Structures are given as structure tokens and as C-alpha cells.
Amino acid sequence: MGMDGLFSESTIYLDYNATTPTDPRVREAMAPYLGERFGNPSSAYLYGRQAREALVRARAQVAALLGAQPEEIVFTSGGTEANNMALKGVFFARLAHPEVSGRGRLIAALVRRLAHGLRVLGSRRSGVHIVTSAIEHPATLATCSFLERLGCRITRLPVDRYGVVDLQLLRRVLQQGATLVSIMHSNNEVGTLEPIRDIARLAHAYGALVHTDAAQSVGKLPLHVAELEVDMLSVAGHKLYAPKGVGALYVKSGITLEPWLHGAGQESGRRAGTEAVALIVALGSACELARSELPDSTQRLRSLRDRLHRRLQEAWGERLVLHGHPVERLPNTLNVGFVGLHGAEVLERAGQVAASTGSACHAGQKHMSPVLRAMGVSEASGLGAVRLSVGRYTTEADVDTAAQALVSAARSAQMSVCSP
């Protein structure tokens with residue numbers, strides 16, 4: 001590999017869903033704002049104006065990739081904060097405006113408890129109902145668990161064997177009343193794409209807002225918020241060749257969120273704190289590059305992914321099981337199970353391949369991923385799961401070499417299992 005010194009010559013990187021290397025062009029764009037253009041965007045003099053102009057440009061670049069308006073983009077520290085901002089923002093906005101839910105007296109008492117840092121009793125209900133899925137990223141699921149402790153009602157929808165939410169079940173849940181539906185655009189482990197536009201139309205018909213975590217999708221697929229019909233959408237910079245520590249939340253005009261961070265009122269009062277100008281410039285640059293390369297990059301990734309799958313299938317046959325939707329899936333993501341083996345052991349024996357056994361947040365675990373378990377994947381296949389994700393710098397030679405290394409590793413692991 002060795003693209004501009006990004007990779008070790010002895011390692012094939014196939015974990016682009018965990019993180020992407022910062023594109024050299026992105027590094028070049030952000031460099032001035034780590035040096036001579038160091039100003040605070042809130043300052044009135046030259047240095048501040050330079051920084052402020054950079055934010056305006058970056059906001060427009062992110063908006064253009066998403067088909068949004070610049071004023072609808074809020075910069076965050078990453079996808080996790082964007083998800084937190086969406087869910088907590090809706091929850092606390094409803095608490096701050098009790099007339100919305102018609103539970104004024106109870107909510108006022110809840111707000112008083114929160115203000116004094118007291119624990120809210122589980123029997124208390126806020127009147128807010130958030131619907132999500134069982135296979136969301138921990139940034140969503142953990143946030144939901146937190147809000148549940150504050151009296152929010154949380155419904156976690158099951159998924160089918162491909163990881164897709166049942167729209168009929170969602171309809172039945174929405175008929176009971178809901179405030180927000182938060183379903184990821186694509187799953188980070190198996191790559192399955194959810195029918196977000198159908199979900200949004202259904203949710204809106206019952207008066208609920210819609211948020212989607214699109215951290216894994218942005219830059220890999222053409223995404224336009226108007227076509228998805230969502231009210232909020234999360235972006236993570238380090239998933240599309242920007243550095244770690246920056247992201248964004250699209251918030252449709254007219255949607256009011258209670259700020260989670262309070263201070264001097266940056267980001268139009270939606271997220272306080274002096275903006276990380278260099279990182280935001282990097283995100284804007286990364287979004288502009290992604291926009292210029294779509295949709296050709298999508299097809300290239302899909303071709304590499306399918307080539308890798310074919311190579312593994314040719315050698316391993318029916319003992320290799322695909323996890324996730326066979327068609328409606330991220331173009332770069334291949335999650336397969338080596339039946340009867342441990343995915344972690346296969347990767348350990350294939351030392352030159354840098355990949356994951358599931359979500360990078362659970363790397364090294366010896367038990368089945370909660371996502372695969374929620375999909376009803378068998379233990380034999382789930383324990384043998386390996387997530388392989390290709391990216392901008394992956395070549396056909398990388399794919400072929402990695403497939404050979406993985407097959408050799410699987411054979412070695414199988415011999416170990418069969419040995420007395």
C-alpha cells in the first residue's frame with residue numbers, strides 16, 4: 001500500500017468502517033489553521049475574520065454534500081456528540097416547553113429534579129417517547145438508556161435476519177404516540193441499509209420527528225436530506241477521511257433542540273464552545289472531495305467488496321456465511337462468518353490483515369456481537385464473524401492478498417480446532 005506513508009507496507013488495512021486515514025488533501029487544507037490562521041472565529045479583527053470565513057466555507061461544503069442549507073449544519077466533536085445532541089436535544093426541548101406534551105405539572109417537577117441533580121424515579125414519565133432499533137450504535141443506545149432513566153419512554157424495535165426494521169411493527173408503535181424516531185441509515189457492522197425514507201414518511205404521518213445516524217453512509221453513498229425526508233442526520237468526520245474529533249448534525253430549519261452544551265452561544269446558540277476551526281476546515285474539505293468523487297467512488301468500493309467476497313467464497317464455499325442484506329448494503333462492507341471458527345482467531349492468524357471481528361468498539365471480544373445476535377445469526381456463524389471494509393486506498397491487489405491470507409488463517413484455525 002504505502003499511499004503517502006499512510007500505511008505500513010506489511011499490513012493490508014481493511015477496517016475503514018472503524019476509521020479512515022486523513023486524506024493528504026484534507027491535511028493540506030487544514031494546515032494553515034494549525035499555524036498562521038490561528039484566530040478565534042468570534043474575534044472582530046483579521047485573524048478572527050479569517051477563521052470565521054473558513055467556518056462559513058466549511059459549513060457550505062458539508063451542506064452541499066447533504067443537499068442541505070448551510071444554516072442547517074451544526075458542527076460537533078463527532079458522530080457520537082451529534083447523536084447525543086439530536087436525542088437529548090429533543091427530549092430536553094420537550095421538558096423546557098411542557099405545553100407540547102400536555103403534562104405541564106409533572107414535567108415541571110421533573111425539570112426541578114434535574115436542576116438539582118436528583119435522580120428521577122423510574123415510575124415517572126416525561127411524556128417523551130423515542131423509538132429506535134436494537135442494532136443502533138452505542139452512541140444512540142447508551143443515550144436512550146440515559147434518557148430512559150430520566151423518565152423517557154424508549155421502544156427498541158427488533159430487526160429481521162438481514163438487520164432491517166419491520167415497518168408494520170413501527171406503524172403499530174407509532175399509533176401509540178411517539179416524539180422521535182431514531183434509526184441508523186446503515187449499520188456499522190453488517191452494512192445493512194435501512195429504508196429511511198419510508199420510515200420518515202411513516203413517522204411524520206404520526207407526528208414524530210426523525211433522526212438518522214448516517215456516520216457510515218456519508219461519503220460512500222449519495223445522500224440528500226430532502227430525499228430521505230429526515231429532520232436530523234449525524235455525520236462523523238473520521239469515517240470520510242477527515243481527522244477524529246469533528247462531525248456535524250444536520251438540523252432541518254424549524255426544528256428546535258435544547259442545547260446540550262451551554263456557553264457563549266456559538267453555532268447560532270445550538271452548541272457552545274469555541275469552534276475547532278482546523279478540524280472543521282478538514283471536515284469541509286473531506287465533504288467536498290467526497291461530493292466530487294461520488295457516485296464513481298461508490299461503484300469502485302462495491303467492486304472491491306464483491307471481489308473480496310468472491311475470493312473468500314471460492315476457497316471456503318458454504319462454510320462462509322454472509323451477514324447483512326445481500327443487496328441493500330454499504331458498498332464497502334463485507335461481514336462474513338467462518339462457520340465453526342472464532343473470527344478473532346482467524347484475524348490473529350492473518351496478522352497482515354487489519355480488520356475487525358465486529359464493531360470496532362467491541363474489538364477483541366470472544367462472544368457474538370449484539371448486532372448479530374439481534375439479527376438471529378447462529379452462534380456457529382456469529383462467533384466466526386469478521387468485518388472487512390474497503391476504502392479509498394484499497395487496491396485489487398490488496399483484496400486478493402487479504403483473501404489469500406484470511407483463507408490460510410481459517411484453514412490453520414480449523415486444523416487447530418480438529419487437532420486432539
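**A pocket and a helix pair**

Q: By class, which residues make up the lining of the largest pocket?
A: Bear in mind that this is a predicted model. The largest pocket has a volume of about 360 Å³, and 14 residues line it. Sorted by class, its lining has five charged, two polar and seven nonpolar residues.

Q: Which element gives the largest share of the lining of the largest pocket?
A: The elements that give two or more residues to this lining are α7 (196-205) and α8 (225-228). The largest share is three residues, and the element they come from is α7.

Q: Are helix α3 and helix α5 roughly parallel or roughly antiparallel?
A: The axes of α3 (residues 79-96) and α5 (residues 138-149) come within 9 Å of each other and cross at roughly 30°. Angles under 35 degrees count as roughly parallel. Therefore the relation of α3 to α5 is roughly parallel.

Q: What is the handedness of the crossing where α3 passes α5?
A: Here the two axes come within 9 Å. As α3 passes α5, the crossing is right-handed.

Q: How do the residues of the contact of α3 with α5 divide by class?
A: On the α3 side are T80, N83, N84, L87, K88, F91 and F92, which meet A139, T140, T143, C144, F146 and L147 in α5. By class, the residues of this contact divide into one charged, five polar and seven nonpolar.

Key. Residues are numbered from 1 along each chain as its sequence is written. This is a predicted model: local features need pLDDT of at least 70, side-chain atom pairs count only at pLDDT 80 or more; totals for chains, interfaces and linings use all residues. Side-chain values use heavy atoms; hydrogens and water are left out. On a 1 Å grid over the protein atoms alone, a cavity is a set of points where a 1.4 Å probe fits but cannot get out, and a pocket is an open set with protein on both sides within 12 Å along at least five of seven lines; lining residues have an atom within 4 Å of a point. Grid points are joined across faces, edges and corners, and a volume is the space filled by probe spheres set on the points. Helices (H or I, at least four residues) and strands (E, at least two) are DSSP runs, numbered from the N terminus. Ala, Val, Leu, Ile, Met, Phe, Trp, Tyr, Cys and Pro count as nonpolar, Asp, Glu, Lys and Arg as charged, and the others, Gly among them, as polar. Axes are lines fitted to C-alpha atoms, for helices over the stretch in contact, and angles run from 0 to 180 degrees between N-to-C directions. Angles under 35 degrees count as roughly parallel, over 145 as roughly antiparallel, 65 to 115 as roughly perpendicular and the rest as oblique. A crossing is left-handed if the near helix is turned anticlockwise from the far one by less than a right angle, and right-handed if clockwise. Contact means heavy atoms within 4.5 Å.
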